[in-house]
Amino acid sequence: VLKEKIWGGDALNRKYKRKLPSNKIGESWEIACHSSGMSVVKNGELKGKTLQSLIDTYGRDLLGNALSEQQIKKFPLLIKFLDASDVLSVQVHPGDEYAFKYENGELGKTEMWYVIDAKPGASLIYGIKQGITRKEFSNAILSGDVEHCLNKLEVQAGDVVYIPAGMVHAIGEGILICEIQQNSDTTYRVYDWNRVDDNGNQRELHIKQALDVIDFDGKYNRQKITGLSVENDGNIHTYYIANKYFAVEKLNITGPLNDKADGQKFSTFTVVEGKGSILYADGNEQFTAGQSFMIPACLGDYTIDGKCSVVKAYVPDIENDIIKPLEHCGFTREQMNCIAGL
């Protein structure tokens, strides 16, 4: 699901040879089940069906027995590529309680970014500077002098940042990102660099809502996420994020990687580099960089084979999916503190 944006570009064509309808594509919704964008099955006997129709038909066989009724009713994740040829607006997202109350029952929006590509010296807006109060920030918005309040973070390919609800943020110019987030499209725009659209109009700001939800207490870390890495048969498995909404891992695969979908949860995979195949009981599927796929909860044993880097996301059982496997590998709970959200 491709979306034109004032800040969009053509990086998906340059990086992944995607055919794009314009050179202003800011977002590609890779795995989506939302009123603003819906994934459709690419191939096989279910080709052409929407993700929502699969959920309606297969329910927990597709999504898993461990998910809550709410997560079955509304698909919990949204996976995107974001291409910023220009800086995005400075924005913030609400948490669940605020979004439910003021956005017609919508989910909040906690998200994370994996940097696929970045031009030299590229940076993100990542939180407000420590000590900035709500009143100071409000005055800065009104005076159009917001930039001195913002914390900048230089990034390069492979960097990971965590953006909980309430964290002010913006993608800088020249950055291509894989974004994993709650299934929400609620964004409060704080500042837009005084830009205008093709008709000379400034985009709408959401100042009151933003001031309501911004983290002014500095409770969120403003550093890149290092994660914890485990090596197995030459494949490197790095745990980056684990919260109640999603877990995100990166798999650097150089040979066969065996896994099992045991009926508890689905997984999504976004291939950021390389190519390979998924082997399972009924056959195999080839994949290449820039593609995303979804492993149904009921798939059973499967193998990912090839040479590739893959971003994996799922709704975790924190204890059994994160803590126990890492303890088995010898990590302490203190060492696990570098996994964001845990």
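**Exercise 1.** Which residues lie nearest the centre of the second largest pocket, and how many residues line this pocket?

*Solution.* A note on the model comes before the steps. This is a predicted model, in which local features need pLDDT of at least 70 and side-chain atom pairs count only at pLDDT 80 or more, while totals for chains, interfaces and linings use all residues. Residues are numbered from 1 along each chain as its sequence is written, and side-chain values use heavy atoms, with hydrogens and water left out.

Step 1. Find His237, Tyr239, Asn258, Asp259 and Lys312, which lie nearest the centre of the second largest pocket; its lining has 25 residues. (On a 1 Å grid over the protein atoms alone, a pocket is an open set of points where a 1.4 Å probe fits, with protein on both sides within 12 Å along at least five of seven lines; lining residues have an atom within 4 Å of a point.)

Step 2. Look at the elements. Strand E17 (257-261) is among those that give two or more residues to this lining, and E17 gives the most, with 5 residues. (Strands are DSSP runs of E with at least two residues, helices runs of H or I with at least four, numbered from the N terminus.)

**Exercise 2.** Describe the largest pocket and the place of helix H2 (51-58) in its lining.

*Solution.* Step 1. The largest pocket holds about 1,600 Å³ of space. Its lining counts 37 residues, and Val41, Lys42, Asn43, Phe293 and Met294 lie nearest the centre.

Step 1. H2 is one of the elements giving two or more residues to this lining; strand E2 (25-31) and helix H3 (60-63) are also among them.

**Exercise 3.** Which residues of H2 are buried, and which exposed residues does the face turned away carry?

*Solution.* Step 1. Leu51, Leu54 and Ile55 are buried (under 20% relative accessible area with a 1.4 Å probe, protein chains only; exposed is over 50%, partly exposed in between).

Step 1. Viewed down the axis of H2, these buried residues fall within an arc of 100°, so they line one face of the helix. (The arc is that of the directions from the helix axis to the C-beta atoms.)

Step 2. Asp56 and Thr57 are exposed on the face turned away from the buried side.

Step 3. Just past the end of H2, glycine 59 has a positive phi of about 50°.

Methods:
Grid points are joined across faces, edges and corners, and a volume is the space filled by probe spheres set on the points.
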